[in-house]
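Student: I would like to learn how to read a model of this kind, going from strand pairing up to the contacts between chains. Could we take the features one at a time?
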Amino acid sequence: MNRLWIVVGVAFGAALAAGHPCRAQVRGTIFGPGSRSYPVAVSPLKNLSTNASATDLGARFATIVDRDLTLSGFFKILDRAAFIEKPDASGYTADTINFDNWSVIGALALVKGAYTVEGDNLTLEARLFDVYQRKQLAGRRYHGSVTEIRRMANKFADEILAQFTGERGPFDSRISFVSTRDAKLNEVYVMSLDEGDLQQVTKGQTINVSPSWGPDSRSLLFTSYKRHNPDLYTIDLVSGRETLLSQRPGLNLGGKWSPDGSLIAVTVEDNGNSEIVLLDRSGKLVRRLTDNWSIDVSPSWSPDGRQIAFCSNRTGGPQIYVMSTDGGEARRLSFNGNYNTSPAWAPKGDHIAYVSRLDGGFNLFTMKVDGSDVRQLTQSAGNNEDPSWAPDGRYIVFASSRTGHKKLFVTDAAGASQVQLTHGGGDDTSPAWSKWLE
Amino acid sequence: MGKRLIGVVVVGLLVAVVGSGCSSKKKGPEAGAAAGGVGEEGLGAGSSLERAKQGMQPGEEGPLKDIHYAFDSSELDEPSRVTLRDNGNWLKDHTTAKVEVEGHCDERGTVEYNLALGAKRARAAKDYLVTLGVASDHLTTISYGEELPLCHEHTEDCWQRNRRAHFVVLGE
């Protein structure tokens, strides 16, 4: 009894010192996405540059890492205003940091580091420390142009997740989506995971739908009505070069590259009826996969490229099916509810995320690839649609109307941590998460 | 059994021939040159997409009236058939008219599924007009899915208005 009060007293004293509500500092708490349990302090980096410019880079790095770690759902991000050590007046190595200054504000993990700017070149080093053990867990040095600071921060956030979870984080990647933020009709955009480096890809002022990533994460497939027909295009994001890949009369919709980059699965139209076919890189027909008088849309490749999950209404309402990419019979996977769409095969190959209509609302679900172990990820907070997996297979980006306009959100694969990714006006929909950038 | 199979193949071929015949007419304004030898047809400002680009409400009714569908359905109910018979009569009086049939959906459900559903809706309307004697090659179809709603509220009344086939007279 006495001991307990001492612990509470110490914790209360620490909370007072930090100006924080009382929070016990216990190691071994439940740690997982959605727990938000692991307190981490990300200090702005120390500026070692001789010139006075670019003084905000250290804080920008910390802000991006904070945001990534928030998205991960594992961490409680400590408020920078409570930090006692000021970056430019303190060290950033294990033997020069005063760890008491961090343990007293409740940090169990600490990120510190330094950077130097010469001209347009940025050299940045970041280190991750275990405050309790007073030792460095990971350190990385990055070189690049000043404009690459975002990627450096995202890479380091991936490293932090690797240290604490045993698996690299998904943040050194990009999201493509369509939005009405700048126009009446949907245009295609790409951005980094912290809502930065926003690039408007199409300026067609027409309907653009269903962007998806090329195998190298440098290009996108999308469908555009710019020729008054929903045609399939690919665009190189670096050069801006756009190529018309499929212009069959009617739908050329929802194109997805095979994992090895040799084929494109796409929905085409056969006299009003949608069918899924495989095209080669130049858009030539390789194989027709579905052949019936029902709707067949939204193909999603298995990671080994041997199967495709898709949506078909061959038994009435839309349901999720799976079939071999060599052809043959399709097998129905979803049996709960009468409206299941948008299958997204997880990169680890073990699960398929999809959307189910339940009591009039649309929500995200996952199931194992044999259709078992159905789990609901979102709970009737607006409509929740368009799932796309992160490259690490632990997170899903989706569109939700829970705040009014449709905006992008990120959830972990269990639905425990759901964080809003995009903000501002207009509707953001059809997100697609790229592979890791290399 | 063998006869039946042959029958299916023959019907399939017929569908393919009829289908390709009408498909070749379905070209955008820039498609003429690429298709080689196919006459180019300009599109008026009447299509829902052209109107939306100009900031106008998509698809106001002209001489041909819209028809409506149940949720997740491309079936024609009796009121739709009545309207289509009226539309068919107008088309038979205007034998040179070319019409684009637009298939639209309400906002519920996925974009891709709704684009496929819109294609089925437009095709169902076209097929019925053809059975009424309208020349197949005067009717093209396009699906806009849920992309060009007439009404933006999240109510059943609004959704009902948006689940429609709309008929655009391209030229006479």
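Tutor: Let us begin with pairing: two strands count as paired if DSSP finds at least two bridges between them. This is a predicted model, and in it strand β16 (residues 273-280) and strand β17 (residues 285-288) of chain A pair in the antiparallel sense over three bridges.

Student: Which residue is the bridge partner of A:Leu278 in β17(A)?

Tutor: The partner of A:Leu278 is A:Arg287. The two strands form a hairpin with four residues between them, and in that turn A:Gly283 has a positive phi of about 95°.

Student: Which strand of chain B pairs with β3(B), and in what sense?

Tutor: Strand β2 (residues 98-104) of chain B pairs with β3(B) in the parallel sense, over six bridges, and within this pairing B:Gly103 stands opposite B:Ser143. The path from β2(B) through α5(B) to β3(B) makes a right-handed β-α-β unit.

Student: How should I read the two faces of a strand such as β3(B)?

Tutor: The general idea is that in a regular strand the side chains alternate between the two faces of the sheet. In β3(B), one side carries B:Leu139, B:Thr141, B:Ser143 and B:Gly145, the other carries B:Thr140, B:Ile142 and B:Tyr144, and all of these are buried. Both faces are thus covered, and the count for the strand is seven buried residues of seven.

Student: How many residues of each chain are in contact, and which elements of chain B give two or more residues to its side?

Tutor: The contact joins 30 residues of chain B to 34 residues of chain A. On the side of chain B, the elements that give two or more residues are α1 (2-23), α3 (48-53), α5 (111-131) and β3 (139-145), with the largest share, 10 residues, coming from α5(B). By residue type, this side of chain B divides into 14 nonpolar, eight polar and eight charged.

Student: And how is chain A itself divided?

Tutor: The domain assignment gives domain 1 (17-165) and domain 2 (174-433) of chain A, and their C-alpha centres lie 35 Å apart. Their contact takes 10 residues from domain 1 and 12 residues from domain 2. On the domain 1 side, α2 (57-72) and α4 (149-165) of chain A are the elements that give two or more residues, and α2(A) gives the most, with five. The residues of that side divide into three nonpolar, four polar and three charged.

Student: How do I read a nonpolar core?

Tutor: In soluble globular proteins, nonpolar side chains tend to be buried together. Here the largest nonpolar core has 141 residues, and those with the most contacts inside it are A:Ala41, A:Phe61, A:Val65, A:Ala107, A:Ile175, A:Ile352 and A:Ile396. The largest share of this core, 10 residues, comes from α5(B), while each of domain 1 and domain 2 of chain A supplies at least three residues.

Student: Which residues does A:Ala41 touch, not counting those up to four places away in sequence?

Tutor: With those neighbours left out, A:Ala41 touches A:Leu78, A:Phe83, A:Trp102, A:Ile105, A:Ala107 and A:Leu110.

Methods: Residues numbered from 1 in each chain as written. Chains lettered and ligands numbered in written order. Predicted model: local features only at pLDDT ≥ 70, side-chain atom pairs only at ≥ 80, totals over all residues. Domains from an automatic or database assignment. Contact = placed C-beta atoms within 7 Å. Nonpolar A, V, L, I, M, F, W, Y, C, P; charged D, E, K, R; others polar. Core = buried A, V, L, I, M, F, W, Y, C linked by C-beta atoms within 7 Å. Buried ≥ 20, exposed ≤ 12 C-beta atoms within 10 Å, placed from the backbone. Right-handed = clockwise from strand over helix to strand, strands pointing away.
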